[in-house]
Amino acid sequence: MKNNRKFAIVVPTNRILNSWLSYAENFRIFGHPLEKVILIAVDDYSPYVNENIKILEKAGVSYEYWTIPMQIDFFKKNFGSNWEKYWEIIPHRTDACRSFGYIIAALKDVDVIITYDDDNWALNLKENDFDYLGAHDIVNSHVKEVEVSSTNGWFNTIFMLMTEPSNRIYARGYPYSRRGTDQYYYKPSEGNVMLNVGLWTGNPDVDAITVLSEGAMNGLPITKTTGLKSHKRVLLSKDTFAPINTANTAYSIRLLPIMYDTFQGAYVGELKLDRFGDIWCNLFIEKIMAKIGGRISIGIPIVEHRREPRNTFEDFMKEFWGIIVSERVFYVINEIEINAKSYTDAYLELISQLEKRLDFLSFDKESLRKYFNKLLNSMRLWVELLESLFLV
């Protein structure tokens, strides 16, 4: 690691954290000083607290394991009688609880926050494509790279990867209204990278409709990703969006005011809107960065996604309303103009612009209107929380 002084790695979990051992080994293989890294594990009502602490001790990397009672105590200590107001903006029983880890990381005075999902494993191969910290160390540095732009305004991250069999599949969060119309153009470019998106081998991050279209009932896509094609890294054009998840993603600490992993959970009838919290969070970041500045790089490091089997139809039911609402969110974000000159002010301006479009976003459904009101209020409280802790 040559660029940044200190990294925090944030992982939300309600499972056994065996995957962390692969990262610790990866750091040693590439000779990274372990004192420059801290793991922040955000427990989400896991029944494996004791087992996980033993794993983290064995890994030999500095860590903090934040149980639910510890998280509540943090809010009580820092916000007194208002603690519940701020505690409630952290989504729980969902991987979006990682937002709490971002707060703790910022209090550790780190330069970069990396977040990963606990079913992603570092690959302990000696090629630089798999150097987890080394590849994410591009954040906060000025680089010259190839820039990609799309004819339809959206870049499919899976396009960078070889697949077996050779299929054209789209990443979760890619608008259905834009699929099949994307053509990509490349040119030299440069800029200061503020967000780096790593990719994966194994199970690509696709939605349940894609999995169902392949006839898979266990939630695991038939099509697997096997490695990068020609580009190890590209810069995303400022006029092009990409669906970005939080499975292998690094952020400059300067993005903290706009890094809120968005609330999901609205019930429309019997179906729950879910599984788009990270996509919307990063969509908002992309919109603001295009105005305020900073570049997004996509490619390395490569990790292995070991998705656990589950019921594909249950995933589909969770994603049903998210896919529908996302089309309108994507449309609105494209139409909004940002005039602010800082990340924080731009975020607050974006919230206000979204509020003006609640009727359109909510399909005139009361349950969705209540959801968006809660989401946008939580986004405002995120900024207020950070200001109270003197983090912005």
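**A loop residue and a packed helix**

Glu270 counts as exposed because its relative accessibility is 78%, where exposed means over 50%, buried under 20% and partly exposed in between (1.4 Å probe, protein chains only). Glu270 lies in the loop between strand E12 (267-268) and strand E13 (271-272). Its C-alpha atom is separated by 9.2 Å from that of Met317, 47 residues away along the chain.

The model is predicted, with local features requiring pLDDT of at least 70 and side-chain atom pairs counting only at pLDDT 80 or more, while totals for chains, interfaces and linings use all residues. Residues are numbered from 1 along each chain as its sequence is written, and side-chain values use heavy atoms, leaving out hydrogens and water.

Helices (H or I, at least four residues) and strands (E, at least two) are DSSP runs, numbered from the N terminus. Helix H10 (residues 343-355) comprises 13 residues. Among its buried residues are Tyr343, Ala346, Tyr347, Leu350 and Leu354. The buried residues of H10 pack against several elements, including helix H8 (277-292) and helix H12 (366-388).

H8 and H10 pack at an angle of about 125°, with their axes 10 Å apart. H8 is therefore oblique to H10; angles under 35 degrees count as roughly parallel, over 145 as roughly antiparallel, 65 to 115 as roughly perpendicular and the rest as oblique. The contact (heavy atoms within 4.5 Å) is made by Phe284, Ile288, Met289 and Ile292 of H8 with Tyr343, Ala346, Tyr347, Leu350 and Leu354 of H10.

Technical notes:
Expected span 1.5 Å × (residues − 1). Axes fitted to C-alpha atoms, helices over the stretch in contact; angles between N-to-C directions.
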